[in-house]
Amino acid sequence: MASNPETEAALRAALAQRVGDDRFGLWFGEGVSLGVAGDTLRVGVPNGFFREWIQGHYAADLCSAAQTVTGRPLEVAFHIEAEVAPLGGEVVPLPGPADPRKAPPTPVTEPAPKPAAQPRGPRDLPKSSGATPNSAASAGRPLRRLEDFVTGPSNRLAHAAALDLVRSPGAGFNPLVIHGGVGLGKTHLLEGITAGLRGQHPGTPVAHITAEAFTNAFLESMRANGLNGFRSRFRKAGVLVVDDIHFLAAKRATQDEFLHTFNAVVAQGATVVLACDQHPRRVAKLSDELVTRFLAGMVVRVEAPDPATRRAILRAKAQARGIDVPEAVLAYVADHLRSSVRELEGALNSLLAHALLTGKRMDLDLARSALRDTIRHTAVVVGLKDVERVVCELFGVEPEALKADGRGRAVAHPRMLAMYLARKRTGAAYGEIGRFFGGRNHSTVIAAEKKVRTWLEEEKRSNLLSGFESVADVLGALEQALGA
Ligand code: ADP
Ligand code: MG
């Protein structure tokens with residue numbers, strides 16, 4: 001695969017020499033990966049904006065750097081790093097006897113439909129450095145910290161649980177499961193837990209790994225007949241942190257192994273922390289045993305942040321870089337990019353890059369022009385009217401009926417779904433949503449949201465609408481109509 005760390009390091013050095021450190025840092029820093037696969041130089045970028053920019057400005061430098069490093073001409077191919085692709089990562093060596101087999105695992109596949117994703121492999125850290133590589137360290141950056149996590153109603157509970165776990169690991173719930181959509185801070189929280197534990201409880205061995213790396217290491221050690229070494233590595237952990245656990249879906253053998261690992265570490269008093277892209281019960285093809293174990297602890301959800309939190313996150317990120325961004329600009333970005341924090345970060349990066357390159361003042365005009373493409377391509381701005389429209393269309397009810405006093409299921413359920421969706425997609429406050437849907441108060445909206453969430457968590461089979469099996473399916477159709 002493309003992610004040979006030495007090659008990538010050499011490519012980076014050659015490129016930095018050509019474009020200069022400043023520009024290199026701006027365009028080829030975090031979020032951009034370089035690798036060689038056959039006769040292709042593969043450039044992983046966070047979004048279309050980066051691709052266009054790099055292609056337009058640095059294609060020649062890329063080619064020449066690649067030729068210097070590999071000694072042959074390569075073609076340049078871009079790919080947008082799929083945010084859902086779990087980070088590659090490496091098994092964390094725990095303190096104790098070193099693993100005798102140092103060879104990097106060749107990915108071995110369990111029969112599972114995994115498209116050839118681009119594992120973002122270890123970047124700068126040599127694998128046998130004795131450091132404790134994990135997905136962050138192997139991506140060449142320090143672990144994210146809980147202190148840098150901006151909280152709001154969407155994530156406060158998850159953050160509090162993380163802090164609690166760091167304060168007294170082993171004293172409370174077990175496991176801690178953090179679930180929620182892509183780019184909402186799950187990995188940040190997991191890394192924060194690991195960093196916090198290492199700082200505050202240096203005697204507690206923490207194993208931090210992605211489920212993908214766990215899978216690869218497991219399969220590889222099976223092939224190499226070394227299951228004992230593999231097992232002891234994890235089973236010595238005082239805290240076991242596993243990111244993107246949904247990756248285990250449909251991988252029976254690895255699930256069985258993980259169940260043993262889970263049981264073994266819990267039996268010896270260790271704490272387990274997991275992140276998942278949805279509620280464990282909703283992960284298809286995850287064994288009942290695992291789901292039962294996961295749900296026995298604390299299950300918290302992170303949601304898309306509300307407008308105030310989005311602004312606070314942007315403010316914090318700008319501040320961390322020592323850049324003064326006017327409130328109006330922060331508000332503009334926060335109002336237009338609503339679905340994930342990762343997207344917000346990307347927008348801020350584009351904005352800073354534009355300001356730097358054009359030398360223009362950071363104002364609304366600059367924000368509009370810098371984000372025009374990002375906003376058009378990635379964020380569908382959804383308003384309350386849009387939600388009303390798709391719900392009314394799907395259920396065949398009139399907007400007036402949705403807003404009227406009717407309490408019959410034929411309108412009450414669609415209304416509840418509308419409120420839930422409005423909350424999820426528009427960033428409107430509870431009060432605003434209540435007023436829009438027939439002058440109801442905010443507690444009605446909160447109740448509706450809660451109800452729909454319960455349906456989802458219970459995987460309620462749906463009699464909402466013929467032709468749809470579950471509430472999730474109905475919501476899926478609505479989201480699609482909104483342009484999810
Ligand atoms: P996930 O694992 O849920 O897909 P990440 O943890 O990778 O998401 O978050 C994506 C990016 O957004 C990261 O750079 C992370 O630091 C940042 N981020 C997410 N939530 C917050 C937050 N509440 N405060 C600060 N940064 C955040
Ligand atoms: Mg993640």
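## Pairing at the start of the chain

Two strands count as paired when DSSP finds at least two bridges between them. Strand β1 (residues 33-37) and strand β2 (residues 40-45) meet that test, with five bridges joining them in an antiparallel arrangement. If you are looking for a landmark in this predicted model, find Ala37, which stands opposite Thr40 in β2. The two strands form a hairpin with two residues between them, and Gly38 in the turn has a positive phi of about 60 degrees. β1 is mostly covered, since four of its five residues are buried.

Ala77 sits in strand β3 (residues 75-80), and apart from its neighbours within four places in sequence it is in contact with Thr40, Leu41, Arg42 and Val43. Ala77 and Val36 are 41 residues apart in sequence, while their C-alpha atoms are 9.9 Å apart in space. Is Ala77 buried, partly exposed or exposed? With a relative accessibility of 26%, Ala77 counts as partly exposed, because buried means under 20% and exposed means over 50%.

## The chain as a whole

Stepping back, the protein chain contains 20 helices and eight strands. It has 484 residues, and 48% of them count as buried.

How much of the contact pattern joins residues at least 24 apart? Among contacts between residues at least 6 apart in sequence, the share is 73%.

## Around ligand 1

Now to the ligand. Ligand 1 is surrounded by 18 residues, and the closest are Val150, Gly183, Thr187, His188 and Glu345. Three helices, α6 (186-200), α11 (307-320) and α13 (341-358), each supply at least two residues of this shell.

Which atoms make polar contacts here? An oxygen atom of ligand 1 lies 2.9 Å from a polar side-chain atom of Arg144. From the backbone, a polar atom of Val150 is 2.7 Å from a nitrogen atom of the ligand. His188 contributes an N or O atom of its side chain, 2.6 Å from an oxygen atom of ligand 1. On its own the ligand has 560 Å² of accessible area, and the protein covers 96% of it.

Strand β6 (residues 239-243) is mostly covered, with five of its five residues buried. In a regular strand the side chains alternate between the two faces of the sheet. Here Val239, Val241 and Asp243 point one way from β6, Leu240 and Val242 point the other way, and all are buried.

β6 has a parallel partner in strand β5 (residues 206-210), over five bridges, and another in β7, over four bridges.

## The way into β7

Thr271 lies in β7 (residues 271-276). At 3% relative accessibility, Thr271 counts as buried. Setting aside residues up to four places away in sequence, it touches Leu165, Pro169, Gly170, Phe173, Asn174, Gly238, Val239 and Leu240.

Gln268 lies in the loop between α9 (252-267) and β7, and its 45% relative accessibility makes it partly exposed. Beyond its neighbours within four places in sequence, Gln268 is in contact with Arg235, Lys236 and Ala237. A polar atom of the Gln268 side chain lies 2.4 Å from the backbone oxygen of Arg235. Gln268 and Lys236 are 32 residues apart along the chain, with 9.0 Å between their C-alpha atoms.

## Helix α15

How far apart are the end C-alpha atoms of α15 (residues 384-395)? They are 17 Å apart, which agrees with the 16 Å that its 12 residues should span at 1.5 Å a residue, because the expected span is 1.5 Å times one less than the number of residues.

The buried residues in α15 are Leu384, Val387, Glu388, Val390, Val391, Cys392 and Phe395. They pack against α16 (399-403), α17 (409-425), α18 (430-436) and α20 (471-482). Just after the helix, Gly396 takes a positive phi of about 65 degrees.

Technical notes
Residues are numbered from 1 along each chain as its sequence is written. Chains are lettered from A and ligands numbered from 1 in the order in which they are written. This is a predicted model: local features need pLDDT of at least 70, side-chain atom pairs count only at pLDDT 80 or more; totals for chains, interfaces and linings use all residues. Side-chain values use heavy atoms; hydrogens and water are left out. Buried means under 20% relative accessible area, exposed over 50%, partly exposed in between (1.4 Å probe, protein chains only). Contact means heavy atoms within 4.5 Å. A residue is near a molecule or strand if one of its heavy atoms lies within 4 Å of it. A polar contact is a pair of N or O atoms within 3.5 Å; within protein, one must be able to donate a hydrogen and the other to accept it, and residues adjacent in sequence count only if both atoms are side-chain atoms. Accessible areas come from the Shrake-Rupley method with a 1.4 Å probe; for residues, only the protein chains shown count as cover.
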